[in-house]
Amino acid sequence: MMNLCKEELFLFINAYYGFILVAVVSLGVTVLLVSKDVRLRERRDISIPGQLGLPFFGEIFSFLSASNSTKGTYEFVRLRRLWYGLWFKTRILGKIHVFVPSTEGAKRILTNEFGLFKKEFVKPMGDFVGKKSLFSAPAESHKRIRRLLSDPFSMNSLHRFVEEFDNMLVQRLKKLEENGKSFSMLEFCMKLTFDAICNMLMGIMDENLLRQIDRDSKCVSDALLSFPLMIPGTRYYKGIKARDRLMERFREIIDRRRSGMECQDDFLQSMLSRDSYPSDEKLDDSEIMDNILTMLLAGQTTTAATLMWCVKFLDDNREVQDKLREEQLHISQNKARGYSLSMEDVKSMSYGVKVVKETLRMANVVLWYPRVALEDCTIEGFEIKKGWRLNIDASYIHYDPELYKDPTQFNPLRFDEIQKPYSLIPFGSGPRTCIGMNLAKVAMLVFLHRLTTGYRWTVDDPDPSLEKKAFVPRLRSGLPVTLKPLEGGR
């Protein structure tokens with residue numbers, strides 16, 4: 001029977017040899033073409049150049065190494081752009097990151113928030129600001145939280161802040177003038193902005209409590225780019241413990257307010273006054289506390305660093321400084337001695353606004369804006385996979401010579417012209433635009449008014465090195481300066 005089967009098989013093959021040969025060749029060609037098509041699709045999928053590094057860890061160690069250098073975190077990006085081109089990808093802790101260097105890419109991503117993309121930070125940042133922070137909240141709750149938080153930060157609500165911040169600034173500058181010694185502009189601005197924001201948010205004026213909250217906030221801030229290992233002694237561990245202490249303090253303040261032990265006319269009180277409102281018209285305690293911490297961290301560090309950079313840029317560009325001083329003296333010349341600035345004064349600072357814009361463009365205190373692709377898509381011809389992290393590279397966009405002539409030159413007058421959409425995004429754009437944008441701008445304008453109308457200054461250490469392990473670019477020296485009263489200053 002076996003021999004018969006073999007003979008039948010032989011006869012079948014012999015009779016249909018040509019047909020079988022064609023079929024085999026056709027199948028082989030089909031497999032070859034399919035595999036080639038798969039390879040081509042794979043090439044398109046990974047057409048963005050870059051190095052993914054070690055499995056899971058990727059290039060996290062290179063990223064942390066850059067953060068721990070005096071060239072700053074952005075050195076990680078700068079080097080890879082030199083190696084791979086404007087668009088490049090990397091892997092950090094198991095996630096593929098693509099750096100997006102164009103206004104077109106920025107527009108595509110930021111106008112599709114909650115649709116094709118969502119916001120997501122590297123793990124440590126999300127852990128520290130909290131799940132209910134505006135930075136981390138999912139789409140379904142973000143819109144409600146933002147709507148309820150927005151009013152206290154609108155221009156119409158900042159009149160009182162202008163006056164209180166102005167008075168605080170005048171007193172502190174006077175003390176520095178009387179001291180006559182060199183001081184760190186960064187440290188001065190950090191303490192100034194922190195105290196002002198704490199007063200606005202929670203009505204805190206007690207020096208001891210301010211310094212306790214400040215120390216823990218700094219510990220959290222220092223850990224934002226740390227490696228997420230919950231091991232005693234690490235920056236991450238210290239940061240998480242500091243966050244826990246801050247939450248306990250915020251809880252105590254909220255409990256005292258609800259018990260009637262204290263009452264303030266501030267942001268927190270405006271949130272607690274909604275306790276009897278429907279759930280969609282109020283914030284729960286976790287939402288309040290996470291967002292107070294978020295505003296403390298983001299508001300203090302970024303605003304203080306921007307002020308420091310502005311003082312440096314004005315020192316490096318005396319013509320700009322003189323032109324700004326001329327405008328500010330014009331505002332003060334008809335005012336009585338001991339005057340306070342008003343919101344109307346701030347709104348009249350047309351050249352000051354341009355100085356602020358140029359400072360924000362060049363300082364880049366927010367290096368990039370991270371988003372996650374929620375589905376496969378294409379941006380400028382590049383295939384983006386679902387789950388990839390897209391970092392809108394504000395730093396590159398702000399220094400793109402195609403957008404800004406002589407981008408390394410501090411030139412506020414460039415803003416006499418209308419800028420291309422998404423070419424200036426220091427506060428982001430779209431539904432996740434920084435909620436404290438108006439507060440930061442107002443604080444900067446008040447600061448510049450008092451500094452230029454009352455003083456001249458010298459920078460005592462021109463070292464350009466950046467502070468290590470800082471998620472916001474800051475000078476390692478802190479920009480030490482010495483103030484000199486302006487003759488006839490106000």
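Which residues form one aromatic cluster?

1. The residues that form one aromatic cluster are F63, F76, F88, F99 and W368. The structure as a whole holds 17 aromatic pairs, where rings of Phe, Tyr and Trp (its six-membered ring) pair if their centres lie within 6.5 Å, and where planes under 30 degrees apart count as stacked, over 60 as edge-to-face and the rest as tilted.

2. A word on the basis of this note. The model is predicted, so that local features need pLDDT of at least 70 and side-chain atom pairs count only at pLDDT 80 or more, while totals for chains, interfaces and linings use all residues. Residues are numbered from 1 along each chain as its sequence is written, and side-chain values use heavy atoms, with hydrogens and water left out.

3. One of the aromatic pairs can be followed in detail: the ring centres of F161 and F165 are 5.4 Å apart and their planes lie at 15°, so this pair is stacked. Both residues belong to helix α8 (residues 159-179), where they are four residues apart, about one turn of the helix; helices (H or I, at least four residues) and strands (E, at least two) are DSSP runs, numbered from the N terminus. F161 counts as buried because its relative accessibility is 8%, and F165 is buried with a relative accessible area of 2%. Here buried means under 20% relative accessible area, exposed means over 50%, and partly exposed is in between, with a 1.4 Å probe and protein chains only.

4. The charged end of K323 sits over the ring of Y351, at 5.1 Å from its centre, and the charged end of R361 sits over the ring of Y404, at 5.0 Å from its centre. The criterion is that NZ of Lys or CZ of Arg is within 6 Å of the ring centre and within 35 degrees of the ring normal.

5. Strand β3 (residues 95-100) has five of its six residues buried, so this strand is largely enclosed by the rest of the structure. Strand β2 (residues 88-92) runs antiparallel to β3 and is joined to it by five bridges, with K89 having V98 as its bridge partner in β3; two strands pair if DSSP finds at least two bridges between them. The two strands β2 and β3 form a hairpin with two residues between them, and L93 in the turn has a positive phi of about 50°. β3 also pairs with strand β9 (residues 389-392), in the parallel sense and over four bridges, and H97 stands opposite R389 in β9.

6. Two bridges link β5 with strand β11 (residues 480-485) in the antiparallel sense, and S184 stands opposite P480 in β11.

7. What surrounds H142, apart from its neighbours within four places in sequence? H142, which is placed in helix α7 (residues 139-150), is in contact (heavy atoms within 4.5 Å) with F114, L134, A137, P431 and R432. With a relative accessibility of 2%, H142 counts as buried.

8. Finally, the cysteines. A search of the whole structure finds zero disulfides, a disulfide being a pair of cysteine sulfur atoms within 2.5 Å. C198 counts as buried at 0% relative accessibility, whereas C263 is exposed, with a relative accessible area of 59%.
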